[in-house]
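Here's a quick walk through this model, one region at a time. Keep the viewer open and follow along.

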Amino acid sequence: MELPILLVLPLFGALLLAVFGAWRRAGEINVAVSLATFVASALLTLRVIRSGPFTALGEQFFVDPFNVFLVALTAFVSFTTALFSRPYMRIEAEHGRVNARRLRLYHAMYQSFVFTMLLALCTNNLGILWVAMEGATLATVLLVSLYRTPASLEAAWKYFILCGVGIAQALFGTILLYLAAEKALGAGGVQALLWTHLDQVKSQLEPTVLGLAFVFLLVGYGTKAGLAPVHNWLPDAHAEGPTPISAVLSGLLLNVALYAIVRSKVLVEGALHNSLAGHLLMGFGLVSVVVGAFSLWRQKDIKRLFAYSSIEHMGLAAFAFGLGGPVANFAALLHMTVHSLTKSSIFFAAGHAAQKAGSQWIDQISGLLLRSPRLGWGLMLGSLAILGMPPFGVFASEFLILTTAMKQSPWATPILLSALGMAFAAIFLRVQGMVFGDSRLPRLPHPPALLPVFVHLALVLLLGLYIPPPLAEWYRLAARFIG
Amino acid sequence: MNAANLLAQIVVVALAVAAAPLFMAWVGQCRAWLANRRGPGLLQPYRVLRKLFHKDAVLATRASSLFRIAPYVQFGAMACAAAIIPLLGTDLPFATAADAIALVGLFAVARVFLALAAMDIGTAFGSLGARREMLVGFLAEPALLMVFFTASLIAHGTALPAMATAITGHPLAIYPSLAFAAVAFLMVLLAENARIPVDNPATHLELTMIHEAMVLEYSARHLALIEWSAALKLFNYCAIGFALFLPWGLPDRVGSGMLAALPVVALKFAAAGAGLALLETVSAKMRIFRAPEFLATAFLLAVLGLLVRLLLGS
Amino acid sequence: MTHLPWSAQFIHLAAAVLLLLSFAMLTQRRILSLLDLFATQGAVLAASTAIVAYSSGRAELYYSAALTFALKVLLLPYILHRLLRRLNVRWEAEPLLNVPTTLLVGLLLVIFAFALAQPISQLATTLTRSTLGIAIAVVMLSLLMMITRRKAVSQVVGFLALENGLFFAATSATYGMPMVVELGIALDVLVGVLILGVFFFQIREQFDSLDLRHLEALKEE
Amino acid sequence: MLAVPPLWLAIGAAGLLRPRSLRLSALWLFPLGAAAAFVLAAASLAELAEPAQSLVLPLGLPDLPFHLRLDPLARFFLFLLGAAAGGVSLFAAGYFRKGEGTAPGLLCLQYHVFLAGMAMVLLADDAYLFMVAWEVMALSSFFLVTTQHRIAAIRSAGFLYLLLAHLGAISILLCFGVLQGGGWQFTFDAMRQAHLATPWSSVAFGLAVLGFGAKAGLVPVHVWLPEAHPAAPSPVSALMSGVMLKTAVYGLLRVSLDLLPQPQWWWGLALLGLGLFGALFGVIFAAVQTDMKRLLAYSSIENLGIIFGGLGLVLLFAASGHPLMAALALSATLYHCLNHAFFKSLLFLATGAVLHATGERSLGKLGGLIHRMPWVAWLALIGTLAIAGLPPLNGFVSEWLLLQAFLFTPQLPQPFVNMLVPLGAAALVLSAALAAYVMVKFYGVIFLGQPREPALARAHDCGRLERIGLSWLAAGCIALGLLPVPMLALLDAVVRQLLGTGLGTLAPWWRLAPVAVERASYSPPLFLLVGGAVTLGAAWLVHRLYHGRVRRAAAWDCGFPLQNARMQDTAEGFGQPIRQIFEPYFRMQRELPAPDDPRPAYRVTVEDRFWGALYLPAAAAAQATARLVGKLQQGRIAVYLLYSFVTLLALLVFVL
């Protein structure tokens with residue numbers, strides 16, 4: 001019963017906020033709905049942990065450890081982001097950057113986005129997965145252009161077109177998958193797109209077609225996951241949209257897109273009996289890591305900076321999934337978790353910092369530690385965490401990924417490590433300039449919401465030092481599901 | 001370590017301390033003769049010391065206690081060195097307390113204290129002298145160590161008695177490496193004891209002086225101790241030279257043999273003093289910035305000696 | 001060819017027309033004509049879907065055909081027409097690639113698409129499987145069109161044509177996707193077009209033009 | 001012993017309770033931390049020779065929980081940490097009076113996390129915990145370095161520090177990756193058992209040298225050190241230089257002698273060359289510095305160079321089958337680590353006291369402080385003499401031992417190595433002699449002479465806790481100088497653990513004779529006894545036989561009455577001979593005044609050639625690559641679509 005509630009809640013929230021979104025208390029409604037969603041996801045998680053994977057609603061929905069962990073993560077991050085967005089959007093309104101209508105749009109679309117994410121994660125139907133992914137684009141594209149500045153319009157346009165084209169390629173991939181599945185599962189069957197059924201017959205699927213399908217799916221969903229060289233929409237959209245949206249794009253959307261790729265990879269690997277899919281994923285991952293790391297060097301905009309960092313980290317996770325095997329999959333799942341926690345907390349801090357400075361330009365922000373120490377520490381620690389500094393959890397996952405890579409494909413490790421070093425130099429130099437030094441930044445009209453920042457960072461810190469056995473068991477189960 | 005040994009040790013040190021000004025005077029006398037002068041006589045240093053000890057010490061107002069300690073430390077270090085060097089025998093008890101490296105360290109202690117004392121007053125001369133002294137020191141010290149190392153490769157140890165007996169204890173052989181080392185040692189000796197061509201003990205010309213610039217502020221008993229320890233240092237260096245390159249005639253146990261060795265040692269000193277005077281007479285003082293080249297040459301010669309030793313095994 | 005049933009022959013004809021229309025769209029510079037071509041493409045698509053439905057006896061494909069007709073022949077062209085009239089856009093600016101080169105590249109893409117379709121269509125069990133190559137070619141030509149156009153509207157038309165190609169691929173290779181997916185896709189396309197409409201106004205409001213040259217400011221310098 | 005790191009963490013966390021309260025941290029937390037440090041030192045020393053103990057904590061990664069291990073090597077370095085940190089913490093309790101930009105409670109947290117991080121590095125027995133502790137150590141020290149982050153130079157120093165630390169950590173991580181061999185096994189135990197092929201073990205060794213060298217300031221990855229040490233508050237500089245650099249030595253020891261199989265002789269030779277080059281390089285640069293903490297930082301480069309050179313010798317001997325000589329060299333190296341921890345911490349703390357009293361770091365503005373700050377001055381004198389390698393203090397002992405190791409070079413299998421090792425001895429003595437030069441400059445310019453600024457007249461001596469801290473470290477210098485034999489006997493357990501052979505018994509306690517008394521011996525107590533007796537006797541005799549009368553008068557002014565403090569040698573002046581002799585080493589810019597300049601000014605800057613040769617080109621290359629990659633994002637949507645299209649086509653071709 002948790003599953004329908006989980007899905008209906010954000011949908012209901014979206015409708016509610018479409019009406020009351022401009023209300024004075026809309027932010028609180030948003031938080032309340034998100035909290036309810038999170039509670040539902042927690043219940044769902046408990047159920048999966050207790051009784052294992054299950055399908056629901058005529059096999060249309062399927063929950064296993066792999067996606068339920070992402071469901072919980074998604075619900076959690078969307079809840080904390082809602083917490084953050086309440087004062088943030090209020091300050092934005094005060095600064096005159098959004099009016100009541102746009103605020104309503106914002107709230108309604110926020111919940112719709114959460115709905116599409118959860119739908120994409122829970123559905124058993126690869127077609128619906130595709131529909132939900134496209135829906136996620138549609139829900140967020142107007143949010144990216146929320147400020148109606150030339151730059152935000154341009155970013156939204158690129159986001160829309162590039163992701164639209166990308167996702168169209170994924171649709172073709174899905175069609176090819178369907179074509180192959182029909183052969184195995186019988187023509188015209190509704191089950192032919194159900195992942196659970198496909199998974200059972202994956203070794204009978206036609207390899208050539210599946211190889212081609214995987215290329216389409218990889219390029220298609222890879223566009224959404226921000227893998228280089230089809231990542232170009234990502235920095236623009238992250239930089240120009242409101243910060244809560246940057247946080248959820250980076251923290252959730254990229255994860256879900258990667259999830260879609262991994263689901264397809266499982267089928268393709270089963271059919272191909274070779275590691276073509278893994279190698280392709282590793283290649284994309286490696287290119288993304290390198291492109292992301294080097295692009296960081298020339299950034300002047302704080303949100304663009306961390307957007308490139310997301311490309312880098314998605315590349316790392318993709319690389320790990322490509323490596324395959326229990327350790328690498330475990331590491332990739334851990335990496336997805338800690339990345340989305342850390343990156344969203346960074347965006348929270350960076351958003352407030354930019355609000356303070358009245359600009360996203362890095363050289364306009366300085367001395368955060370003097371003027372608002374908590375914000376400064378949040379940004380500093382978050383950045384260090386994302387740079388893979390122990391004892392934060394990102395290090396744990398990077399350690400696992402790198403050590404596995406050393407074992408399985410040693411040639412890739414120097415590339416990865418030097419890219420990580422490059423990223424460190426680029427990001428840390430800029431963050432240090434913003435956090436340290438003297439400051440003339442003004443005070444904010446409302447106290448910033450820093451609780452989510454520190455909650456996220458505390459979780460990431462915990463994961464770096466201690467992964468609770470249930471969580472570890474859960475990751476392990478999920479890793480086994482991915483194979 | 002029995003009482004006789006201890007007594008012998010004390011006697012040797014006392015002898016060295018007492019004889020050092022005499023040797024200084026002997027070198028001065030030889031130089032005077034070579035310059036066709038009569039010279040002040042061999043007792044002149046003792047007269048100077050006595051006069052200085054009787055005077056009231058005049059200290060600069062800004063002098064700290066470091067300034068007052070330094071002469072005693074220097075004197076103590078030199079006397080200690082005299083106890084280590086096998087002057088009259090190779091079996092004196094204190095020899096095991098320190099080896100050649102410790103000896104070099106001892107000289108360094110004296111140098112560092114004197115340089116610090118020179119800087120203590122805060123005059124231009126003092127710091128200038130300190131700087132030049134340390135410049136000479138940092139080049140001379142490694143060179144001296146390399147000389148010791150060459151000898152230690154022959155002796156299989158850095159203990160000074162071992163070095164002294166290494167040559168005498170074996171059948172007579174020619175050590176080309178020791179020739180290099182000897183030349184290097186001579187150069188170090190000249191530099192370390194403020195002799196021509198590196199420094200001129202007889203001049204107070206500020207452009208060139210090293211040692212005298214440092215001790216400019218000292219007077220009375222402090223100056224006396226410094227002068228005495230300078231003499232002792234020269235004496236010690238010569239004794240080291242004898243132990244390394246001319247160790248013949250040293251008894252290997254405490255006893256009457258030491259008395260017999262006394263004339264031999266005196267003869268060596270007389271010859272060395274004359275040679276030193278001759279060397280100083282025929283050479284000219286260098287510019288101060290040639291000094292590093294001079295000492296670098298010494299260092300290189302010593303290293304060459306070491307390598308020759310390793311290459312030829314001789 | 002002679003022993004093919006007439007329905008298959010019709011479908012082949014429709015496929016050929018679709019390919020031809022794609023080439024026409026690639027070269028068409030008047031935007032209103034482009035819209036007409038798009039509507040025609042939609043009509044051919046709907047017709048071919050209906051024929052497939054008839055020949056294979058699958059009822060849900062009729063719904064698919066009807067949906068296509070309603071959406072791609074009536075609704076979308078109507079919306080776009082209205083937008084164009086209100087935005088007052090008529091001509092495409094000079095394309096990034098000149099027409100002969102575009103056609104040449106298009107030709108190469110068609111060859112590639114046919115090669116690509118070869119192994120897939122051998123697998124398909126449908127009557128229409130041989131048209132899969134054409135579907136892929138339509139997809140690729142639409143992509144090419146998107147790359148070479150400079151006006152936002154023509155890029156969108158390219159995008160919709162891409163969607164058509166995909167739809168054609170789905171029907172030709174598999175007799176269409178499950179209905180629930182079809183509906184979802186249709187909904188997405190519809191919402192997408194509506195949002196695009198909003199966008200056009202926002203863009204014009206900001207830049208006084210729908211030329212994509214204004215949308216090249218965000219870059220690494 | 002294991003309770004100390006958590007205790008430090010708790011003390012640090014307690015600082016956060018009232019972050020602005022100076023009383024809490026100065027009166028309670030820092031002294032408590034110092035007490036914990038002393039307990040750690042005492043416990044480690046007492047158990048030094050006990051067999052290894054292991055512990056697995058239920059923390060860390062699921063398949064790789066935290067492994068801890070206490071063996072003699074770890075205990076020795078824990079002793080070093082505790083002993084030095086105890087003194088430094090006591091000093092810090094008195095030192096952080098005003099807060100240094102960061103709130104005192106936060107500073108207390110960072111400081112104690114730093115201590116705990118170092119302890120955990122030494123305790124770690126698996127790669128993950130090691131890396132975590134290693135980076136925690138780097139991170140906490142980074143925050144301590146950037147305490148006064150409002151100064152731009154300090155920010156860039158901190159950045160450079162953390163960047164190089166991170167690159168070093170990456171290298172170490174790669175090294176562990178190689179060490180694991182084939183299986184995914186990251187406990188040190190598993191690494192010991194992994195049989196690595198020779199080329200791979202050489203790769204691992206190279207990576208370890210690079211990674212640990214970056215932390216230890218090994219040339220050419222030393223550039224952060226002279227920037228970061230002056231930037232940090234003095235107790236932190238003292239800890240970084242005295243202890244943190246030693247964790248790098250520990251790491252290299254752990255990898256090269258414990259984790260790796262049989263070492264190769266050329267590793268030793270390479271490390272010897274690198275280390276001694278670094279020693280010379282460091283001391284030459286130290287001689288020309290004008291900032292007192294930079295001078296000490298370069299001196300740390302020198303000392304770590306000597307230590308690495310010693311390690312090279314150890315490896316060389318161990319690989320050539322001369323375990324006894326290797327044991328001698330290892331004892332010397334470890335002893336030097338301990339010595340350096342004491343005297344360098346002492347000197348850094350002394351500079352801190354000077355800095356607090358005068359607000360000046362530049363040697364050109366100090367002078368004559370022995371009159372105003374006698375405690376600091378006399379205690380610093382001990383450190384100065386010790387670091388200059390003068391008997392009977394501790395610096396001399398390790399130098400002596402190391403030279404013995406060089407001199408007793410047995411017949412090595414490679415003839416040319418036989419030739420090179422004595423050259424190493426030459427480089428070592430040269431750098432030791434230059435160190436004396438440097439330290440005379442350091443001490444003389446700061447504490448002796450006339451005050452170069454009028455403000456120095458207001459300088460005050462340090463407080464009570466600070467004196468205790470300084471005295472502890474000075475006492476350590478003396479004790480280690482006078483009693484090397486008992487300490488070496490304790491060290492024997494470490495040496496035996498790493499090499500299998502120790503130096504054996506070194507009796508009697510008062511005489512150090514590692515090989516044989518008749519070949520080489522050194523007896524510091526006797527030495528001090530005789531030297532002291534002669535010195536005091538001479539003084540007694542002089543006063544007894546003559547008199548002790550003293551008159552005070554102005555210093556002689558050569559008849560030129562306008563002598564002032566500016567006529568003394570400046571720091572630049574004192575370094576001038578070195579600058580001239582070693583000119584090709586420096587990238588020097590000099591501004592000389594014209595003869596008719598009414599306001600003559602002299603300025604000289606001396607820079608490291610490695611900047612131009614290594615670091616700037618690397619940064620430029622990264623920038624160029626970044627520019628190239630930046631071209632991907634050039635703004636035109638058609639091009640982005642083209643990327644997508646081309647990627648798709650390329651992959652399709654690839655798959656078909």
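## A strand pair in chain D

In this predicted model, strands β1 (residues 53-61) and β2 (residues 64-70) of chain D run antiparallel to each other, paired over seven bridges. The link from β1(D) to β2(D) is a hairpin made through two residues. To find your way into the pair, pick D:Leu57: its bridge partner in β2(D) is D:Phe66.

## Chain D as a whole

Zooming out, chain D has 23 helices and five strands. Its radius of gyration is 26 Å, close to the 26 Å that the globule rule gives for 656 residues, so chain D is as compact as a globular protein of that length.

How much of chain D is buried? Of its 656 residues, 60% are. As for contacts inside chain D, take those with a separation of 6 or more: 79% of them involve residues 24 or more positions apart.

## Who touches whom

Four pairs of chains are in contact, and among these chains B and D share the most contacts. Other pairs don't meet: chains A and B make no contact, with their nearest C-alpha atoms 40 Å apart. Chains B and C don't touch either, and their closest C-alpha atoms are 55 Å apart.

Chains C and D do make a contact, built from 13 residues of chain C and 12 residues of chain D. On the chain C side, helix α5 (residues 132-148) gives the largest share, four residues. Sorted by class, that side of chain C has nine nonpolar residues, three charged ones and one polar one.

## B:Thr61, a residue facing chain D

B:Thr61 sits in the loop between β1 (57-60) and α3 (65-84) of chain B. Leaving out residues up to four places away in sequence, B:Thr61 touches D:Arg552, D:Ala553 and D:Ala554.

Why does B:Thr61 count as exposed? The reason is its neighbour count: B:Thr61 has 9 C-beta neighbours inside 10 Å, and the cut-off for exposed is 12 or fewer. For a sense of distance within chain B, look from B:Thr61 to B:Val303: these two are 242 residues apart along the chain, and their C-alpha atoms are separated by 46 Å.

How values were computed: Residues numbered from 1 in each chain as written. Chains lettered and ligands numbered in written order. Predicted model: local features only at pLDDT ≥ 70, side-chain atom pairs only at ≥ 80, totals over all residues. Contact = placed C-beta atoms within 7 Å. Nonpolar A, V, L, I, M, F, W, Y, C, P; charged D, E, K, R; others polar. Buried ≥ 20, exposed ≤ 12 C-beta atoms within 10 Å, placed from the backbone. Rg over C-alpha atoms; globule rule 2.2 N^0.38 Å. Pairing = 2+ DSSP bridges.
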